[in-house]
Amino acid sequence: MAVTVTGPGTSGTESKKGRLWVTLFGGIFLLVGLGVVVFGPLESVYRHLMTSNWQQVPATLEMIDLRRHQGENSPTYSVEARYRYDYNGQQYIGDRVGYDWGSDNLSDYQQNLVWRMRQAASQQDLHVWVDPQAPSESYLVRELRWKKIAFMTLFGITFAGAGAGVIFLFRLRNREKINNQDVIYSSERHGHWILWFMSFMFIAISLPGVMAVPKEIGKENWLILVVLLFPVVGVVMGRMGWVMRRNWRYYGPLPLKLEPFPGQIGGDVAGVVTLKKLTADTGDAAWKFTLQCVRVRISKGKNSSRSESIVWQAHQTPYLVPKGEGAHLQFRFEPSADLPATDDEGSNQVLWRLVLEGPSTPVKLERTYELPAVTGSLKSDIALPEAHLERYERMARVQAASSAAEQIDVEPMGDGMRIYSRIGRNAGMTFGLALFGLVFGGASIGLWIAAATEGFMLYVMSFVFGLFGFPMFIGGVFVAGRALDARVTSQRINVTRYWCGLGLWRRSGQLERADQLVLESGGKMTQGHKMTEYVHLEVKTGGKQVRIAESVAGREAAEALRDNLVRMLRLP
């Protein structure tokens, strides 16, 4: 079976050019890293072994100096020397200190070497190492600097690993053409390699700092302990990669075939995921597809970054068709034609993502596919039975109503209704907001204090950090303690805002018709590939909008709350 691998959204020529440039870029890192290892640690060890039969002879030290080289951040040191020695009745002059080359500041080795050689010379106990086969070849010292060898080896391996990793990861593809049919695999197919690569980089880059911790602690430099966070993050990423690999192997590749290909915005985004083996939980309800349109913003330059925001998403329970020991999971979405198509060029990109969630036991299943999607009107031959759709639409409505009831308290009250958005809801969102605000605000205060001695620019940075940090922290604290009490009686609404039990203000208005109830977005929170939209329920009255329920997690739950109120209040 012939398999050709192509990248989504690129032509063969563009793909080849991209691979060439990435190979050149990664190859530079790879060659530099290998060069550091070969011409540094390996060369030193090689010369140490090759000079094992050299002889020590008495010598006279004519000069030895410690040379200081000023770098951008800190100075480095090297040693220069000149000495005389006799071998077989002939006098020679040497200037090679050892087979360690270059300058560094890894330790006080150079300072100690100068002191030792001067001490030996003053006591007339100076000896040099001479090649008996070529007496003009000599070294003042024959020593291996294990600390430098370890550092240079780590540095070289890190550079070489980074280059090899870039080349390898760029060549990974989740699209294949098998027997002239486009097949898409999930990002989890290769995701563990990315996590393991990042784990390697975090651990490798931090090791020199970790090795310096005991010495710095001896100097009471407790701030050095921050460097321990890097290997911890590396270990966590390594475990995440192992879990991802384990889960992927348990359920297998789960290839996806789109029908039609590519997906049609304004038509159908539909397809089949092939499951080779069903687990114990084989019902449709164990599975869920989420189709997302994602806006990706990329900033390039010195401080490059990548951020995602979900523009649109929809959920669906697939139709499960048993096939031998496995099954086909069929889905069919109909995205609106006004949504953007796949665009992987420039700094403002669009991608379409399909998330598959399955059984949580014995191993949690979640797969993520990136789909090509274009504006079009093609329909799919895949048909989901009406009974299946109606069943899960009913289930979705029940789940939405249950979610709304868990979040917002709705109670009969005489001839009206009480709608209470209680304190302490959405703890994850409020905690994250307050935590980020605390971090940025703390950084602002620290920069302001440091600016007194470091200069004006830190005042500017302090202002920028505080501009984000303090409002976020105050907002997080306020949201964590807020509550909203709305009472509807005889078509009149009275709303009281509370914070930690204290009444802050009141609002009022009239509620006479169902079309006065509107939903307003209160923000979105994305966690991994999941987006949660928080929605407020408000009443249009007298040229203003009065909020009667707030921060309902999920638009479906907010819609269920609105429909329930319309029914309970018998609004026309």
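**Salt bridges and a helix pair in a predicted model**

Modeller: This is a predicted model. R47 forms a salt bridge with E43, and the closest N and O atoms lie 3.3 Å apart.

Colleague: Where do R47 and E43 sit, and about how many helical turns separate them?

Modeller: Both residues belong to helix α1, residues 12-50. They are four residues apart there, so the separation is about one helical turn.

Colleague: Is R47 buried, partly exposed or exposed?

Modeller: Buried requires under 20% relative accessible area, and exposed requires over 50%. R47 has 33% relative accessibility, so R47 falls in between. The class for R47 is partly exposed.

Colleague: Which residue forms a salt bridge with R145, and how far apart are the closest N and O atoms?

Modeller: The partner is D100. The closest N and O atoms of this pair are 2.9 Å apart.

Colleague: Which parts of the chain does that pair link, and how many residues apart are they?

Modeller: R145 is in the loop between β6 (134-139) and α3 (146-170). D100 is in the loop between β4 (90-94) and α2 (109-122). The pair links distant parts of the chain, 45 residues apart.

Colleague: Is R145 buried or exposed?

Modeller: The cut-off for buried is under 20% relative accessible area. R145 has 8% relative accessibility. D100 has 29% and is partly exposed. R145 is therefore buried.

Colleague: What does the salt bridge between R332 and D268 tie together?

Modeller: The closest N and O atoms of R332 and D268 are 2.8 Å apart. R332 lies in strand β15 (residues 326-333), and D268 lies in the loop between β10 (263-265) and β11 (269-275). The pair therefore ties together parts that are 64 residues apart in sequence.

Colleague: Is D268 buried or exposed?

Modeller: R332 is partly exposed, at 24% relative accessibility. D268 has 0% relative accessibility. That value is under the 20% cut-off, so D268 is buried.

Colleague: Which residues do salt bridges with shared partners join into one network?

Modeller: The structure holds 26 salt bridges. Those that share partners join one network of R482, R497, E538, R547 and E550.

Colleague: Are helices α4 and α6 roughly parallel or antiparallel?

Modeller: The axes of α4 (residues 188-211) and α6 (residues 229-251) come within 8 Å and cross at roughly 160°. Angles over 145 degrees count as roughly antiparallel. So α4 and α6 are roughly antiparallel.

Colleague: How do the residues of the contact of α4 with α6 divide?

Modeller: α4 passes α6 in a left-handed crossing. The contact residues divide into 15 nonpolar, seven polar and three charged.

Methods
Residues numbered from 1 in each chain as written. Predicted model: local features only at pLDDT ≥ 70, side-chain atom pairs only at ≥ 80, totals over all residues. Heavy atoms only, no water. Salt bridge = Lys/Arg side-chain N within 4 Å of Asp/Glu carboxyl O. Helix = DSSP H or I, 4+ residues; strand = E, 2+ residues; numbered from the N terminus. Buried < 20%, exposed > 50% of the residue type's maximum accessible area, 1.4 Å probe, protein only. Axes fitted to C-alpha atoms, helices over the stretch in contact; angles between N-to-C directions. Parallel < 35°, antiparallel > 145°, perpendicular 65-115°, else oblique. Left-handed = near helix turned anticlockwise from the far one by under 90°. Nonpolar A, V, L, I, M, F, W, Y, C, P; charged D, E, K, R; others polar.
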